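Visitor: Could you take me on a close look at one part of this model, the place where the two chains meet? I would like one connected account of that contact.

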There are 2 protein chains.
Amino acid sequence: MNIKIEDKDFDLSDLAIKADLADYSPVRGCMVIKHYGYAIWELIQSFLDKEIKRAGHKNAYFPLFIPESFLKKEAEHVEGFSPECAVVTHAGGEKLEEPLVVRPTSETIIYYMFSKWIKSWRDLPYSINQWANVVRWEKRTRLFLRTTEFLWQEGHTAHVDEEDAQAMAKKMLEIYNKFMKEVLALAPIVGEKSASERFAGAADTYSLEVLLRDGKILQAGTSHYLGTAFSKAFEIYYQNKNNELALAHLTSWGVSTRLIGALIMGHKDERGLILPPKIAPIQVIIIPIYKNPEDQELIISECKQIKQELEELEIRTEIDADDQKTAGYKFNEWELKGVPIRIQIGKRDIENNVVEIVRRDKKEKLRDISRQGLTERIQALLNEIQEFLFQRNLSWREENIYTADSLEEINKILNDKGGFIKINWSGDYEDEIKLKEICKATVRVKALEEPNNKCAISGKDAKYKVYIGRAY
Amino acid sequence: MNIKIEDKDFDLSDLAIKADLADYSPVRGCMVIKHYGYAIWELIQSFLDKEIKRAGHKNAYFPLFIPESFLKKEAEHVEGFSPECAVVTHAGGEKLEEPLVVRPTSETIIYYMFSKWIKSWRDLPYSINQWANVVRWEKRTRLFLRTTEFLWQEGHTAHVDEEDAQAMAKKMLEIYNKFMKEVLALAPIVGEKSASERFAGAADTYSLEVLLRDGKILQAGTSHYLGTAFSKAFEIYYQNKNNELALAHLTSWGVSTRLIGALIMGHKDERGLILPPKIAPIQVIIIPIYKNPEDQELIISECKQIKQELEELEIRTEIDADDQKTAGYKFNEWELKGVPIRIQIGKRDIENNVVEIVRRDKKEKLRDISRQGLTERIQALLNEIQEFLFQRNLSWREENIYTADSLEEINKILNDKGGFIKINWSGDYEDEIKLKEICKATVRVKALEEPNNKCAISGKDAKYKVYIGRAY
């Protein structure tokens with residue numbers, strides 16, 4: 001499979017609006033998620049919620065507002081988040097005694113409650129998951145990738161020790177990875193963040209990094225081992241089996257509506273969205289083709305018949321019978337919206353007992369497909385498209401992992417091609433800064449291999465092998 | 001069925017906390033919804049979301065923040081909501097040019113977007129539904145019934161004319177009514193609000209009013225015909241079939257986590273919650289009974305077998321095998337939590353091939369229930385309990401509708417019994433004020449009948465027959 005860096009025809013925000021996923025709102029940096037975009041989010045929620053529950057977590061709901069003093073209890077956390085906070089200072093017509101922060105993430109308020117609920121080792125592991133909106137006041141925003149308000153799930157667990165907590169952080173990371181691969185047809189590189197890229201307050205941050213079609217990288221989900229820093233700040237002590245007080249070890253993990261951005265940018269082509277069948281709100285669009293109005297009834301009735309047969313197999317199907325639009329206009333529109341399979345039916349098709357099928361992924365026309373066994377054929381084709389898109393994303397990633405031994409080489413690769421570059425790195429923060437300033441790149445995650453050369457940034461002895469790249 | 005006003009043993013907030021549905025949070029007026037309470041909300045969502053979609057509405061998501069100027073565009077709306085607003089004045093470390101209100105409801109921002117999207121009669125009816133959190137800064141709060149932040153769904157539709165919009169407002173009202181009756185086993189009185197009790201900005205408000213076990217009334221859901229006031233304010237004009245610009249007619253409708261309050265207070269008794277089976281997160285709790293540890297394995301294995309059989313019928317079942325607690329303690333705890341059916345199994349039961357069943361609604365013990373056909377028996381019993389609770393709530397309402405012809409009579413009935421009182425009313429606002437001041441009661445909804453006597457409040461000629469009562 002030979003894929004070039006192409007597909008720069010659409011900017012993400014443009015594409016999201018043209019495909020009717022979202023719209024700009026009158027509130028700075030906030031978007032409106034329209035029906036089609038929200039339907040993708042509902043599918044993401046329904047898949048992930050099942051997996052999260054299967055892993056033993058139950059949902060709960062905590063307040064939107066966090067007392068400002070809570071945020072300040074964990075030093076790194078406040079440093080990371082306070083510049084991004086929206087603050088309620090007035091309510092009910094009066095000035096508040098203490099300002100309330102609109103949650104940028106809920107560690108502080110959830111752990112305050114954990115300290116009330118967790119008393120003994122018998123209460124551990126303790127866990128909750130929450131589907132909620134959060135607000136981070138970002139300077140530059142972009143639909144789905146970085147919006148002031150976004151929707152997400154955040155999971156929080158408390159454990160008796162580091163081993164148990166680390167195992168949970170990694171288990172949730174693997175659940176995200178499996179979900180991205182099997183449902184979103186994306187092949188992230190998964191690994192540990194460098195110290196400077198960790199979540200504010202975390203001991204370890206694990207991340208899933210997706211290579212997009214434009215050569216840039218997107219952090220699509222994270223899972224954190226938080227150690228005991230928050231437990232200390234919020235006094236989450238439990239009585240252990242020896243009747244001693246011990247600090248709980250915490251984890252948190254989340255994915256957001258940003259996944260929709262990953263989905264768009266991870267699969268799109270010059271015609272628009274390409275949605276993997278499992279996550280496509282409409283899997284099959286049926287378009288009746290007729291010139292003479294007298295053919296309309298027959299053809300529409302055949303379309304309805306096929307729709308009904310597909311729906312019996314739980315294939316999400318729509319008919320576009322809008323007679324204000326030409327067939328050509330509809331083809332473009334549904335390709336833009338990324339619907340995996342288009343079925344076209346004209347009078348002659350009915351006479352010949354066939355239909356025409358167009359695959360969105362390969363832009364391939366399959367003519368004279370027999371009406372007999374059509375639903376099974378569509379079912380199989382949806383699986384094939386799902387698999388094709390995953391393999392394409394995987395190849396895209398594999399073919400765009402480069403190596404480099406100097407800042408010059410790094411810059412050249414990133415300017416020409418984008419992608420991941422695997423380099424040896426000293427582990428020093430000052431080198432990360434240099435990488436950012438000179439190459440506009442960041443350390444994405446640590447690779448599993450040991451370093452085998454000097455640091456590509458500074459020439460110092462290398463401590464880690466890492467993946468770097470330009471990220472959103 | 002003879003039911004007295006009893007059951008005052010638990011205050012709602014007490015009960016919600018003891019049954020582990022929710023907890024107080026450190027943020028004024030906000031609660032934490034814990035696993036058990038949130039599981040009820042998830043069931044409410046899953047039932048209602050299906051019905052809302054079946055009625056043709058799709059979900060979307062609009063920003064949490066509303067520019068303050070938007071709220072001011074509709075005069076009645078701002079008057080109604082501005083005293084309850086939480087206001088973000090600072091964000092990203094800076095003072096905002098225009099303060100942002102945290103949505104108390106989303107008419108204004110949604111209709112601003114409608115005006116961008118709706119162009120022609122072909123776009124109508126246009127509709128969206130949103131599941132979201134909203135904030136109203138209330139002076140007095142009470143878990144589930146009135147919290148500063150709550151979760152809800154709000155639906156919004158635009159139509160070509162009043163007839164079409166009124167039909168939608170009533171259709172959604174009927175969907176809520178059916179849901180409350182069939183799923184929550186509650187029998188609300190449904191009708192039109194008086195002018196002073198309408199939603200701020202609505203032309204007509206229809207409401208569902210539930211009589212609780214303590215004799216007080218709860219407004220459990222509303223549907224509004226908004227007329228064209230918001231359309232004027234937000235310029236929602238469309239081109240009609242005659243190519244003229246016309247104002248869209250709007251509706252909005254919503255129910256919230258308050259339904260959980262209705263559920264608790266509509267069914268509870270002196271032992272705690274009674275959950276109707278359809279909405280109970282746990283429908284059957286199985287409790288192994290043994291004194292000798294050597295019996296444990298056999299009994300637990302039988303419990304697991306029954307659980308598995310019940311789960312095959314999709315009956316939500318748990319085993320309480322916690323050996324830190326006595327059986328008696330467990331009985332109390334699961335009764336408090338309102339689980340519809342308890343199964344108890346001891347060694348002798350296994351020998352005799354029977355189990356013991358306890359119905360939560362009637363507190364009735366069914367001894368020596370044959371193990372043969374047990375799952376079908378449980379299935380039938382769950383249906384029976386669902387129906388019994390609905391009939392009980394319906395009788396409760398019917399037996400507590402009184403009539404009165406003076407303020408004195410009204411006061412006496414409300415002090416002695418609570419309930420609904422059907423009275424003749426002049427329709428004058430000053431009489432509503434008098435009713436509130438003297439009897440602490442409000443007009444809940446208009447009855448369908450015509451008035452047949454002078455106004456019970458003022459002795460003036462009556463214009464309406466109405467239901468009044470003391471409400472939360």
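Guide: Happy to! Two residues are taken to be in contact if their C-beta atoms, placed from the backbone, lie within 7 Å. Please keep in mind that this is a predicted model. By that cut-off, the contact draws 40 residues from chain A and 40 residues from chain B.

Let us start on the side of chain A that touches chain B. At least two residues each come from β2 (31-33), α2 (35-54), β3 (65-67), β4 (86-91), β5 (94-102), α5 (107-117), β6 (126-135) and β7 (149-159) of chain A. The most is given by β4(A), with six residues.

Next comes the symmetry. Chain A is superposed on chain B by a rotation of 180° with 0.0 Å of shift along its axis, and the RMSD is 0.0 Å. The two chains are therefore related by a two-fold axis. Within chain A, the C-alpha nearest the axis belongs to A:Val88, at 2.1 Å from it. The same surface serves both copies, since 100% of the contact residues of chain A recur in chain B.

Conventions
Residues are numbered from 1 along each chain as its sequence is written. Chains are lettered from A and ligands numbered from 1 in the order in which they are written. This is a predicted model: local features need pLDDT of at least 70, side-chain atom pairs count only at pLDDT 80 or more; totals for chains, interfaces and linings use all residues. Helices (H or I, at least four residues) and strands (E, at least two) are DSSP runs, numbered from the N terminus. Copies are superposed by least squares on the C-alpha atoms of residues with pLDDT of at least 70 in both.
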